[in-house]
There are 2 protein chains.
Amino acid sequence: MTSKDGYSWTKAQGLRAGVPSIGVIEPPSNVKSADTVYDVIVVGAGYCGLTAARDASLAGWTMAEADPSQLGLKVLLLEARDRIGGRSWSSNIDGYPYEMGGTWVFWGQANVWREIARYGMQDELEDALMQSSLAKLVNVDGCLGRKVVPFPHSGVLSPEARKYDHMSVADRLAEIKNDLTPNERLCAEAFVLLCSGGTLETTSFYEFLHWWALSGYSYEGCIDYLVKYKFRGGQSSFAIRFFREALASGNLTYAFNSPVATIQHGGSGVQITTRSGKIFQGAKMICAIPLNVLNDVTFDPPLAPGRKAAATTGHVNQCVKVHAEISDRDLRSFTGISYPHNGLIYGFGDGTTPAGNTHVVAFGGQHNHFHPEESVEHTMAAFQGFAPMNIERLVFHNWSKDEFAKGAWFFPAPGLISTHLKDLRARERNIVFACSDWALGWRSFIDGAIEEGARAAITVRADFAGRSKL
Amino acid sequence: MTSKDGYSWTKAQGLRAGVPSIGVIEPPSNVKSADTVYDVIVVGAGYCGLTAARDASLAGWTMAEADPSQLGLKVLLLEARDRIGGRSWSSNIDGYPYEMGGTWVFWGQANVWREIARYGMQDELEDALMQSSLAKLVNVDGCLGRKVVPFPHSGVLSPEARKYDHMSVADRLAEIKNDLTPNERLCAEAFVLLCSGGTLETTSFYEFLHWWALSGYSYEGCIDYLVKYKFRGGQSSFAIRFFREALASGNLTYAFNSPVATIQHGGSGVQITTRSGKIFQGAKMICAIPLNVLNDVTFDPPLAPGRKAAATTGHVNQCVKVHAEISDRDLRSFTGISYPHNGLIYGFGDGTTPAGNTHVVAFGGQHNHFHPEESVEHTMAAFQGFAPMNIERLVFHNWSKDEFAKGAWFFPAPGLISTHLKDLRARERNIVFACSDWALGWRSFIDGAIEEGARAAITVRADFAGRSKL
């Protein structure tokens, strides 16, 4: 199946929009009746929405305590795109999976590893590496950040943490400018920009410390946690398990290609109108719409002021991720930084395609931002910025122009987290807002998406059981 | 509610068998009819059995594909004891939870953290520390074990790994005896014995390397992964969530105080007879009985030879874990090693009781093994082996004499893993064997128990759907 998302380029075919993916669902909807009132409508079929839809559709404790006839909630999954996975999906071309977005997993990420173990996918993983050192950047307390972020899974920020959240990475680099050699500074900047997809000025220093703390306060930990394993079959081979399990519960209705226009939630339930005018009704709703597009949907009554303001601010990650299939075999284990002048900052050899070519993946961001499909020449030149290479194919997804994401993984500018994290996590009447963008632990990651989806499903199930929590 | 398990001693009351726990289930059974044929019978209500019972009782994909009338499997949970939790349970005395067995959790343990996040218990955790250094012991490859155990979640052992599995820690210490200072040697030995609960001769060196690899190949990682957090309300406050969620599905029947005598599985289903002669029938069975007591149950037809042999060998962990409430406030942050002559090897201050006293917990094992209830004097002397202290209360569970465990957490002697891990994980007809003792990842840990319970439930659910896997 081919998604409308993504691009590929080869010399023979030129630039083409749309690439194949096992995450495309066919038929795109199984809605039976327009009159159904669903127990819960989940908007968004990324990992958060998938987890929420699956966990809610599996029978819970509602039945014995609330309604014996009801075994598992009746769920409607609405998705704007033609595929599952949101900002994590893979395109399988000639038997090789190109990861268009979120890629890496590690066993230290509890939510994602629990699902990998549960689906028995431990042996479907590969690993890879990069290098650098960041101790000077994070050593704000003589303990490499341990005092400032002692417990990264808590949503409560200490006054010290708030101070660093109001500081950008550029501010922090200015503080320690006399301690860094020129090369150390370049390395630290390139690594931070790879994480944030923003600029040094728009990157919250606290959020970087939060990643660092989650990674065990060490660069070695960052490598393990951030880029250790990816799926041999691509991310879409993981996401499809969630979807299949939810579907087979018999409780899941879904509709892809269904961008939401309006959400009315003033009454006892929720009514959702799609852009094409279709109306769906649910008792509850789980809203997994990403932060940067939340204001593109009309809420009636309007979103709470704090959430609205956070969505107006948005997050800063405009990561440019491009795959190249190249015929140079000697670049298989290359890792390169090309900063500050190149369009792509970080690149590395990531595998060998079935044709025997080398697969290189490279990342840019707000810094020297560009749109790969607007100039294949510029994109190819950015790859040459690492090393001379002979490019046979390009594959990418332009996340900045993607109307359902408007950016890559969440990364906040200074102040957003300390001001709005609580607002973003609050429910509004019958809507539970769940998204990796405001997870407590691995915020921005697939793990955070699953954390949030599980929280949303258990919250809604508790509603039906008439409890505040399980 | 008071369990028959565990002991407490105070000067006023002397030694008493049985301590209170929120893990005791009352009434002890909800079996309605003797004629029911259950979809699956789960034997064992530790974390593995609880997870399996919960995951199987939640509706899965069976219904749509196999039998539309069936929403969630009908589960019978059989437990020999009067409580949930198996080798992890807590006794709450005067508002203070004493952990009688498994205690510590960390976010890097995927299965356990996924459940903590799902039940929203992130803010119900506490932390504590110990110290030492083990690099010389594990540095078999110049990379601190990374080459020998590159991927600790795989069940496939390389020839190098097999070699180290046939070596005891005593063998390894002999190899490096000229590299260790006397104090380094004592430290390494005490730490290994704390992990294994065996002796240096009966402790597989590979298994220790496996723990080390899972902990990120560093002592700092060991501290994080092995003793970082425990529950403010005790382990039983975690286990009870699994039980409640499973029960509320409406699909769970259970019977505590029901030790199993015979398991007949030659026909199309499984028939289980308890010691008191009660008979239960199921289409499938999940057997979460620990390795050291597996041979105390009669299987008809008998267990496969490899599994039988592994159970005859058993594991070596005879950990002695004793809590003391002491009036010495200056010992609150003490950590002590008393080795090789003392009955208890490791001890540390672990909290303050509501009475304002200090809580000290200490560990011994096969080395200088003793039974605390046989001599309160000997037990108190073993505490004095760390530092003079004024003991007001002792609380403990004698895991060695416990007929349903015959030991503490799994730790193998040399050879067991490389010879029998595959045997232990194999199913036999309609029985899926699931236990932390043969988990792939955090084997021996609560995390491994949940990993195994999830695997068992999904295996049985796949059976009902007529698939080999989801």
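In this predicted model, Phe243(B) and Tyr254(B) are both buried. The aromatic pairs of the structure, counted over all chains, number 36, and these two residues form one of them: their ring centres lie 5.1 Å apart with the planes at 75 degrees, and because planes over 60 degrees apart count as edge-to-face, the pair is assigned to that class.

A second aromatic pair is found in chain A, where the ring centres of Tyr225(A) and Trp442(A) are separated by 5.2 Å and the planes meet at 20 degrees, so that the pair is stacked. Tyr225(A) is located in helix α9 (residues 219-227) of chain A and Trp442(A) in the loop between β19 (431-433) and α14 (446-465) of chain A, so the pair ties together parts that are 217 residues apart in sequence. Tyr225(A) has a relative accessibility of 6% and therefore counts as buried, since the cut-off for this class is under 20%; Trp442(A), with a relative accessible area of 1%, is buried as well. Ring pairs also place Tyr225(A) and Trp442(A) in a cluster with Trp211(A), Phe411(A) and Phe445(A).

The domain assignment divides chain A into domain 1, made up of residues 2-7 + 20-89 + 234-313 + 414-468, and domain 2, which covers residues 320-396. Taken over C-alpha atoms, the centres of domain 1 and domain 2 of chain A are 34 Å apart.

Between the chains, helix α3 (residues 110-118) of chain A packs against helix α3 (residues 110-118) of chain B at an angle of about 120 degrees, with the axes 7 Å apart, and the crossing of α3(A) and α3(B) is left-handed. On the side of α3(A), the residues that meet α3(B) are Ala110(A), Asn111(A), Trp113(A), Arg114(A), Glu115(A) and Ala117(A), and their partners in α3(B) are Ala110(B), Asn111(B), Trp113(B), Arg114(B), Glu115(B) and Ala117(B). Sorted by class, this contact comprises 6 nonpolar, 2 polar and 4 charged residues.

An exposed position is provided by Lys4(B), which lies in strand β1 (residues 2-10) of chain B and which counts as exposed because its relative accessibility is 62%. When neighbours within four places in sequence are left aside, Lys4(B) is in contact with Gly18(B), Asp82(B) and Asn257(B).

Conventions. Residues are numbered from 1 along each chain as its sequence is written. Chains are lettered from A and ligands numbered from 1 in the order in which they are written. This is a predicted model: local features need pLDDT of at least 70, side-chain atom pairs count only at pLDDT 80 or more; totals for chains, interfaces and linings use all residues. Side-chain values use heavy atoms; hydrogens and water are left out. Axes are lines fitted to C-alpha atoms, for helices over the stretch in contact, and angles run from 0 to 180 degrees between N-to-C directions. Helices (H or I, at least four residues) and strands (E, at least two) are DSSP runs, numbered from the N terminus. A crossing is left-handed if the near helix is turned anticlockwise from the far one by less than a right angle, and right-handed if clockwise. Contact means heavy atoms within 4.5 Å. Ala, Val, Leu, Ile, Met, Phe, Trp, Tyr, Cys and Pro count as nonpolar, Asp, Glu, Lys and Arg as charged, and the others, Gly among them, as polar. Domain bounds come from an automatic or database domain assignment. Rings of Phe, Tyr and Trp (its six-membered ring) pair if their centres lie within 6.5 Å; planes under 30 degrees apart count as stacked, over 60 as edge-to-face and the rest as tilted. Buried means under 20% relative accessible area, exposed over 50%, partly exposed in between (1.4 Å probe, protein chains only).
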